[in-house]
Amino acid sequence: LAPQFIEMVKTMPAPASSPSAADESAMMARMMQLQGSMMGVNVISWVGGAVVKAVVAGAVFRAVLQPDQKRWAYLRLGMPELWLGLVTLVQGVLFMMAYFAVVFIGLILGLILFLVGSAAGDAGKLVAGLLIALVILAGIAVLVWGLLRLSMAGPMSFVENKFLLFESWRFTRGQSGRLLGMAALLLLILIGLELVLYAVLG
């Protein structure tokens, strides 16, 4: 990326000069080439990050579910980790799709509520504002609920050594409250650890 960026800077015309059509075309071509390279780097970074997360999460699952396999501090890179990484990638894609769908629907509902509330005067605007806040909270609740229902896909894929995703939906049926409580507890533990580390190191 660095050589491409340096070459693009070299081909840029001086601020006081007026670039020709050929110069503009060459500069645009180099910009598109740089953008394509950056997209490739982003994809590699995304996949690599998923693999690293899978290795770390696999070590945690192995320490809990297979405590006798403590070699290399439970760290491995095998098929269970690859399945775990694939599940992580698919979950990320599904989350982004669900996020944009919820945002799109929320924007439409918010716009409708705002227009109706504006036509009803100040009181209508107040009611519309409250309803928009409820729509936002409902959207967040839907996303969190979906994450909780698919949260066991990783451990299940690791244990069964195959790709399992929507099987988690059936497995977690009726357990959303417990999963939410466990997630909140883990979050509090992580915050506590961060505060301790910050107090010790910083």
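Predicted model: local features only at pLDDT ≥ 70, side-chain atom pairs only at ≥ 80, totals over all residues.
**Entry 1: where H4 meets H7**

On the H4 side I found Val144, Trp145, Leu148 and Arg149, and they meet Ser176, Leu179 and Leu180 of H7. Next I looked up how the helices cross: H4 and H7 (residues 176–201) pack at about 95°, and their axes lie 10 Å apart. Angles from 65 to 115 degrees count as roughly perpendicular, so H4 is roughly perpendicular to H7.

**Entry 2: a closer look at Arg149**

I stayed with Arg149, which sits in helix H4 (residues 122–149). Is Arg149 buried or exposed? I noted that Arg149 is buried, yet has no salt bridge. Glu167 is the nearest side chain of opposite charge, and I found it 12 Å away. A salt bridge needs the charged atoms within 4 Å.

What does the side chain of Arg149 reach instead? I traced it to the backbone oxygen of Trp169, at 2.3 Å. I then listed the contacts of Arg149, leaving aside neighbours within four places in sequence: Ser168, Trp169, Arg170, Thr172, Arg173 and Ser176. Ser176 was already in my notes, as one of the H7 residues that meet H4.

**Entry 3: looking for salt bridges**

How many salt bridges did I find? The count comes to one. In it, the side chains of Glu81 and Arg62 meet at 2.7 Å, N to O. I checked where the partners sit: Glu81 is in helix H3 (residues 79–119) and Arg62 in helix H2 (residues 21–65). The pair is 19 residues apart and links distant parts of the chain.

Note on methods:
Residues numbered from 1 in each chain as written. Heavy atoms only, no water. Helix = DSSP H or I, 4+ residues; strand = E, 2+ residues; numbered from the N terminus. Buried < 20%, exposed > 50% of the residue type's maximum accessible area, 1.4 Å probe, protein only. Lys, Arg positive; Asp, Glu negative; His and termini not counted. Polar contact = N/O pair within 3.5 Å; in protein donor to acceptor, adjacent residues only side chain to side chain. Contact = heavy atoms within 4.5 Å. Axes fitted to C-alpha atoms, helices over the stretch in contact; angles between N-to-C directions. Parallel < 35°, antiparallel > 145°, perpendicular 65-115°, else oblique.
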